Amino acid sequence: MTTRIGLLGTGPWARRTYAPALAAHPRAELAGVWGRKPAAAAELAGLFGARAYDDPAALIAAVDAVAIALPPGVQAPLAVQAARAGRHLLLDKPLAATVEDAHAVADAVAAAQVASVVFFTLRFDPGPAGWIDKQAATGGWFTGRADWYGSVFAAGGSPYADSPWRRDKGGLWDVGPHALSLLLPVLGDVTEVRAARGPGDTVHLTLRHDSGASSTSVLTLTAPPAGAGVAVEFRGEHGVATYPEGIGGVAVDSLAHAVDALTSAIDGTGAPSGTSGALCLYRLELCF
């Protein structure tokens, strides 16, 4: 069965990742595009043989599911609207700009009993996901860390540097969910959090988990380019596990696996994903 999916959003992330992945997926059809800039929606739709819509409600009404690549403050109300219309959801992080709006999305998904997937790049990439699953199965961890040093606003030329919400919220909101998507499956839900400011938008987090372990995370989008990168490790009774370099793949391919999860949940061949999407929300709200 082919799932007709409408794309809400026309920015760099939608153009570079969502549209190509949806258009190429064997079990999905990119059926339409809506954006806050009609000309951009028309252009993006034309590139992938889809229809451009001037009204998001019209696009929602014409499809089986929606994929949203928009700022969190815009994503949440559209996700609620789509869920209430019975449409399945492929969402991005962060889910919403407020805890209240995030709860509204989760409640709408549960009430409508639609499938939902929240896309975390590394959790849907087989290489990183396999490494994380291995650490979770090993257990016995004492501490962990997940540091994300991005240089979106320091290097110049990043396609995401013009993003107002990233400039306003910084690394805590943009790359923080990535860090938590690796820490939580291994160490458990967060029960306590402390934060300290660093240079620029940098935030240092210290977390306590329900397993008894603790973790730390440095999050920034303003690191010097020469110091940018990702560092993840866990320490425990079995020694030290360090995230291997070079195991991450291409974002488009990772999103294709997220579409796999969504379409499998829709047609009943995979586990329902609405609960997992809601769990991402409730875990993240502890920090955001």
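## Charges over rings

A charge sits over a ring if NZ of Lys or CZ of Arg is within 6 Å of the ring centre and within 35 degrees of the ring normal. In this predicted model, Lys169 meets that rule: its charged end sits over the ring of Trp173, 4.5 Å from the centre.

## Aromatic pairs

The model has 8 aromatic pairs. One of them joins Trp13 and Phe119. Their centres are 6.4 Å apart, with 20 degrees between the planes, and the pair is stacked. Trp13 belongs to helix α1 (residues 12-24), while Phe119 belongs to strand β6 (residues 116-119). The pair therefore ties together parts that are 106 residues apart in sequence. Phe119 has a relative accessible area of 1%, so it is buried.

Trp131 and Phe234 make another aromatic pair, this one tilted. Here the centre-to-centre distance is 6.0 Å and the planes are 35 degrees apart. Trp131 sits in helix α6 (residues 126-138) and Phe234 in strand β11 (residues 229-236), so parts 103 residues apart in sequence are tied together.

## An aromatic cluster

Ring pairs also build a cluster. Its members are Trp13, Tyr18, Phe119, Phe124 and Tyr160.

## Ile247, in a loop

Ile247 is in the loop between β12 (239-242) and α10 (251-267). Its relative accessible area is 25%, so Ile247 counts as partly exposed. Leaving out residues up to four places away in sequence, Ile247 touches Asp125, Gly127, Pro128 and Trp131. Trp131 is the residue that pairs with Phe234.

Ile247 and Thr222 are 25 residues apart in sequence, and their C-alpha atoms are 24 Å apart in space.

## Gln75, in a helix

Gln75 lies in helix α4 (residues 72-84). Its relative accessibility is 0%, so Gln75 counts as buried; the cut-off for buried is under 20%. Apart from residues up to four places away in sequence, Gln75 touches Ile68, Leu70, Leu91, Asp92, Pro94 and Leu95.

Notes: Residues are numbered from 1 along each chain as its sequence is written. This is a predicted model: local features need pLDDT of at least 70, side-chain atom pairs count only at pLDDT 80 or more; totals for chains, interfaces and linings use all residues. Side-chain values use heavy atoms; hydrogens and water are left out. Helices (H or I, at least four residues) and strands (E, at least two) are DSSP runs, numbered from the N terminus. Buried means under 20% relative accessible area, exposed over 50%, partly exposed in between (1.4 Å probe, protein chains only). Contact means heavy atoms within 4.5 Å. Rings of Phe, Tyr and Trp (its six-membered ring) pair if their centres lie within 6.5 Å; planes under 30 degrees apart count as stacked, over 60 as edge-to-face and the rest as tilted.
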